[in-house]
Amino acid sequence: MFSAFRRWRRQRAADRMQVAPAQWERIEQSLPFLDFLPAEDRPRLRRLALEFLADKQIHGAEGVSITDDMLLSIALQACLPILHIGLDAYADWVGIVVYPGDFIIPRSVVDEDGVVHEYDDEVLGEAWEGGPVLLSWFDGEAQPAGINVVIHEFAHKLDMGNGEVDGYPALPADMSASDWAAAFQPAFDDFCRRVDDGEDLLLDPYGAEHPAEFFAVMSEAFFETPGLLKSNYPAVYTQLSRFYKQDPASRETQTQ
């Protein structure tokens, strides 16, 4: 019952939001991969973005001033992966914190001898289980090439849907966990080998850090460079296409 009330409340709030067509177009032009959406999905994504903004709390850190354009850009990118999954996939948290570029997170690890090592980790984003999403924000050409921080971190949120951040999100009933593993494990092993060999993959080598990072990086590629992903790891593309219920590679071919 609470979930139904929350959906009703965010829908009502979204109904009251006004965004000029010119503003939508300006933001979408800065996200060229949205051209891979079928035309009938564009209004659906806009509506979902408004409901997302009604449901989440977005704050700036370290002097970042959150503008309406930033809100819409973050919302459109965050909602792209769940366009056909639904906003309830992000239901167990509300906070998003935006930093001015990469930022530092203090960490500590315990080695095999029980010694605690503390260090500062410079990151572009981070998703906390049951907690907020931390995002870096870059203006214009300062945006790192080949990286989509928003899609990456929200893919981690979907990964958390089964309780662990391991590259295995909670799959819909019509998908097989064994088929997922049969596609992803060999691809991850191959990707790690190619990164270790220094091969220029055109895919973010950060995906070799962990299966969870591989899923997030492949999700970025699925939406931003789907043809590249499909040519390198067709089985992974097929599984992501079934999971996200989208086929951006076919639209990418049509727009070229």
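**View 1. What lines the largest pocket in this predicted model.** Sort the lining residues by type and you get twelve nonpolar, eight polar and four charged. That makes a lining of 24 residues, and S30, L31, S73, Q77 and Q143 are the ones that lie nearest the pocket's centre. Two or more lining residues come from each of these elements: α2 (21-29), α4 (68-79), β6 (133-137) and α5 (149-159). Helix α4 gives the most, with four residues. As for the space itself, the volume of this pocket is about 480 Å³.

**View 2. The largest nonpolar core.** Here you're looking at a group of 67 residues. F52, F154, M218 and L240 have the most contacts inside the core. Helix α7 (residues 211-224) gives the most to it, with eight residues.

**View 3. A closer look at F52.** Set aside the neighbours within four places in sequence, and what does F52 touch? F52 is in contact with I58, A75, A78, C79, L87, Y90, I96 and F154.

**View 4. E62 and its positive phi.** Most residues other than glycine have a negative phi. E62 isn't a glycine, yet its phi is positive, at about 55°. You'll find E62 in the loop between β1 (57-60) and α4. Is E62 buried or exposed? Its relative accessibility is 60%, so E62 counts as exposed.

**View 5. L202, in another loop.** L202 is also a residue other than glycine with a positive phi, this time near 70°. Look for L202 in the loop between α6 (177-196) and α7. L202 counts as exposed because its relative accessibility is 64%, and the cut-off for exposed is over 50%.

Definitions and conventions: Residues are numbered from 1 along each chain as its sequence is written. This is a predicted model: local features need pLDDT of at least 70, side-chain atom pairs count only at pLDDT 80 or more; totals for chains, interfaces and linings use all residues. Side-chain values use heavy atoms; hydrogens and water are left out. On a 1 Å grid over the protein atoms alone, a cavity is a set of points where a 1.4 Å probe fits but cannot get out, and a pocket is an open set with protein on both sides within 12 Å along at least five of seven lines; lining residues have an atom within 4 Å of a point. Grid points are joined across faces, edges and corners, and a volume is the space filled by probe spheres set on the points. Ala, Val, Leu, Ile, Met, Phe, Trp, Tyr, Cys and Pro count as nonpolar, Asp, Glu, Lys and Arg as charged, and the others, Gly among them, as polar. A nonpolar core is a set of buried Ala, Val, Leu, Ile, Met, Phe, Trp, Tyr and Cys residues joined through side-chain atoms within 4.5 Å. Buried means under 20% relative accessible area, exposed over 50%, partly exposed in between (1.4 Å probe, protein chains only). Contact means heavy atoms within 4.5 Å.
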